[in-house]
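Please open the model in a viewer and follow the selections below in order.

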Amino acid sequence: MTDRMPPQVTLLLVGAGLAALGATYWHFYWRKEVCYGSWTSLNKTGLKCDLKNKLFGQHIVAKVILKAVTGFMNNKNPKKPLVLSLHGWTGTGKNYVSQLIAENIYQKGMKSNFVHLFTATTHFPHEAHIDKYKTQLVEWIRGNVSICPRSMFIFDEMDKMHPELMDSIKPYLDFYDNLNGVSYRQAIFIFLSNTGGEKIVEVALDFWRDGREREEIQLKDIEMALSLSVFNNKSSGFWHTSLIDKNLVDFFVPFLPLEYKHVIQCGLAEMARKGHVKNKKVVVKMARDLNYFPKEEKRIFSVQGCKVISSRLDFYI
Ligand SMILES: Nc1ncnc2c1ncn2[C@@H]1O[C@H](COP(=O)(O)OP(=O)(O)OP(=O)(O)O)[C@@H](O)[C@H]1O
Ligand SMILES: [Mg+2]
């Protein structure tokens, strides 16, 4: 017996080692999320299909979102970050649409390291700590945009967010080339709130009373109804005024209240999502037990939109 391995065995071992190294590199290169290429690029067809097939009763939203997101993502040199402000009654799809946008830009959707969701009452609950929140939030945005310029920040419950906190992020939404060496022009900011929700309902109700189709409602009909008086109202939309004043919001996106027929659509989609065969009888039973308003008229709109459907459905299946 000799201590030395035959050259063929040595070659084989070295080869196997190199192959293992290569496989590891390949694995990390392809699996680790990075801020370029297909990890952070828009799937326009996907977004268009999702807005058409998965989002119910929101024709204005579908149109505005597709135009806003596509225009921004196709622009190689945007002058400012994309700022969207989503408004409307509860359960009409504001978080859902943010999720659809995230899924069609980031391969990992809402789980992406480059997508950040803040909820006012969860992340910034105590007014007394506002200074601490301001520092943390600004640092978080700066740090993350310097790692990935194509970062997305979603702020939920904007109507409950302290105005000072809003003020602290305003510079990042503006037309600056860069702030302390970091450029925010590729970033996306989405604000969600119920601000103006009641006015949007009024417009939808007026159309219904006039016997006009819901699909006839245009963005300008709602923009007119949502005069600055709504946004100037301290409790409902104080935060928004400062954004509008400085033209920082690129698109105002109104969500219409959902009707019975949309609740049925949501119910059927939810059944499929839960892995069941779609059963209209079951969904109708559930939809009939939900509350609708206005009570004095024909109870057209769902009080909770499509929000409780996922949990309610379990009782009827
Ligand atoms: N227009 C819609 N089309 C399809 N599904 C919807 C729609 N609206 C709501 N849903 C369903 O209901 C769920 C809850 O909606 P979502 O959380 O987006 O409501 P929201 O507008 O953010 O309400 P809130 O103002 O109470 O936060 C969604 O995850 C989705 O499954
Ligand atoms: Mg929501």
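Select residues 80-223, where the chain is 44% helix and 16% strand and the end C-alpha atoms are 23 Å apart; helices (H or I, at least four residues) and strands (E, at least two) are DSSP runs, numbered from the N terminus. An unreviewed UniProt entry annotates this stretch as "domain: AAA+ ATPase"; such annotations may be inferred rather than shown by experiment. The model is predicted: local features need pLDDT of at least 70 and side-chain atom pairs count only at pLDDT 80 or more, while totals for chains, interfaces and linings use all residues. Residues are numbered from 1 along each chain as its sequence is written, and chains are lettered from A and ligands numbered from 1 in the order in which they are written.

Next, display ligand 1 with the 17 residues around it, of which Thr-90, Gly-93, Lys-94, Tyr-96 and Cys-306 come nearest (a residue is near if its C-beta atom, placed from the backbone, lies within 6 Å). Helix α4 (residues 94-105) contributes the most to this shell, three residues. Colour the domains, whose bounds come from an automatic or database assignment: domain 1 (39-255) and domain 2 (260-316) both supply shell residues, so ligand 1 lies between them.

Now select helices α6 (residues 130-147) and α7 (residues 163-173), which pack at about 25 degrees with their axes 9 Å apart; axes are lines fitted to C-alpha atoms, for helices over the stretch in contact, and angles run from 0 to 180 degrees between N-to-C directions. The two helices α6 and α7 are therefore roughly parallel (under 35 degrees).

Definitions and conventions:
Angles under 35 degrees count as roughly parallel, over 145 as roughly antiparallel, 65 to 115 as roughly perpendicular and the rest as oblique.
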